[in-house]
Amino acid sequence: PRSTATRAEQTKRSSARAVKRSEGDKLVCVCVCLCQEQEEKMENRFIAPSCVYDQAFGKFAAKWNGKAASEASPVVSATAKTPVVRTIASAYEGSLRDKFRLGAVPTVGAIPSAAEGGIVLFSPAYYAACAVGGVLSCGGTHTLVTPLDVVKCNMQTDPKKYTGIFQGFGTVLKEQGFAGLVRGWVPTLFGYSAQGAGKFGLYEFFKKYYSDQLGEEAAEKYQTFVFLAGSASAEFFADMMLCPFEAVKVKVQTVPGFAKGFSDGFPKFVAAEGYGGLYKGLAPLWGRQIPYTMMKFACFENTVMALYKYVVPKPQSECTKSEQLGVSFAAGYIAGVFCAVVSHPADNLVSKLNATKGATVGEIVNEMGMVGLFTRGLPLRIVMIGTLTGLQWGIYDAFKVSVGLPTTGSKK
């Protein structure tokens, strides 16, 4: 009996120990589960900051590599076609400076993907490329037609002596020789190169900026307004760079014996009229160049669309780059004719103001009369500006194509 009781007690003790082990195992399992759950929470906790860091690294890498942020980010695969959605930039949407800085990151439905050649559309590199194209197109073409400009300026400032185009060329050659026809080419090159950089680079920027402010649907509906506003804003700043060079150029070209060129003409001009005199023609220059540029860009953009719609026998997407450049030149020449007519009165004022010391706008208008203000030197200026504008658009778009960008007015 005693051994039976002992065995029963041992069995009871073993059962108790088994229960305790079972409860301990359950406790361990609960602890393990809690630890795993906590680890998962800690891992999930750092997912969002990691994405932010990845996006930031992608933007940084894109600036140096010239690639889209979606290609540089380690989160997105290299073959992904979906553009990066910019979620952090909304707070800066109204800021002109930050819109320019963030332009390299494409937003869904607003900015095309990376253009050919590694330059992202509407990025700082894109605007810089447009500015370089403006330097080449404006500086080179204006310097090329310096002889026409010399005769035009003399016809405007001394119509009794320079009565016509061919007579004007003959008079300049007879009195000053061939050097007289190219006098002032240095300030022309410097001035219009600086102006071209501001005109074309800032136009592309302001066109994009105003389109964003209106929204996609309104920008499409009022696209001519966008062209006009963007070109006017760009030219306002571009003329500030041009004005000092234009003042010296006109003085050198229209006042015999004043100076041989820019190197001796600039100090003479400053000594006679001060640095402020370099900008005395700024307001008339704005009056000439802003309407001119508004017509130049708005007429060009609309003419390009009309040519592809009514003249070119195939869609723009099927045209070769050479054919598109031909359309650019034709549209540029047509726009140049309208530009010359619109801006000619102010061109007469600028020439007379810079050639005549102490003259005022009212005095010049009274002297020339309204008819003379609108017509004196106009035929020559139509030829000059039409050729200039056609060449400028051809050179500008040719440069854009050479760096892998689409021609102006292209849909893609």
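Phe 236, Phe 237, Met 240 and Tyr 279 make a nonpolar surface patch of about 350 Å². Patch residues have over 30% relative accessible area and no salt bridge, with nonpolar side chains (Val, Leu, Ile, Met, Phe, Trp, Tyr) joined within 5 Å and like charges within 9 Å. Accessible areas use the Shrake-Rupley method with a 1.4 Å probe, and for residues only the protein chains shown count as cover. The model is predicted: local features need pLDDT of at least 70, side-chain atom pairs need 80 or more, and totals for chains, interfaces and linings use all residues. Numbering runs from 1 along each chain as its sequence is written, and side-chain values use heavy atoms, without hydrogens or water.

**Fold**
- The chain has 16 helices and 0 strands (DSSP runs: H or I of at least four residues, E of at least two, numbered from the N terminus).
- Buried residues make up 43% of the 412 residues (buried is under 20% relative accessible area, exposed over 50%, partly exposed in between; 1.4 Å probe, protein chains only).

**Helix H11**
- Phe 237 lies in H11, residues 223–254.
- Phe 237 counts as partly exposed because its relative accessibility is 40%.

**Salt bridges**
- The structure holds 16 salt bridges (a Lys or Arg side-chain nitrogen within 4 Å of an Asp or Glu carboxyl oxygen).
- Lys 199 pairs with Glu 235, closest N and O atoms 3.2 Å apart.
- This pair links H9 (residues 185–214) to H11, across 36 residues.
- Lys 199 and Glu 235 are buried.
- Glu 246 pairs with Arg 288 at 3.4 Å between the closest N and O atoms.
- Both Glu 246 and Arg 288 are buried.
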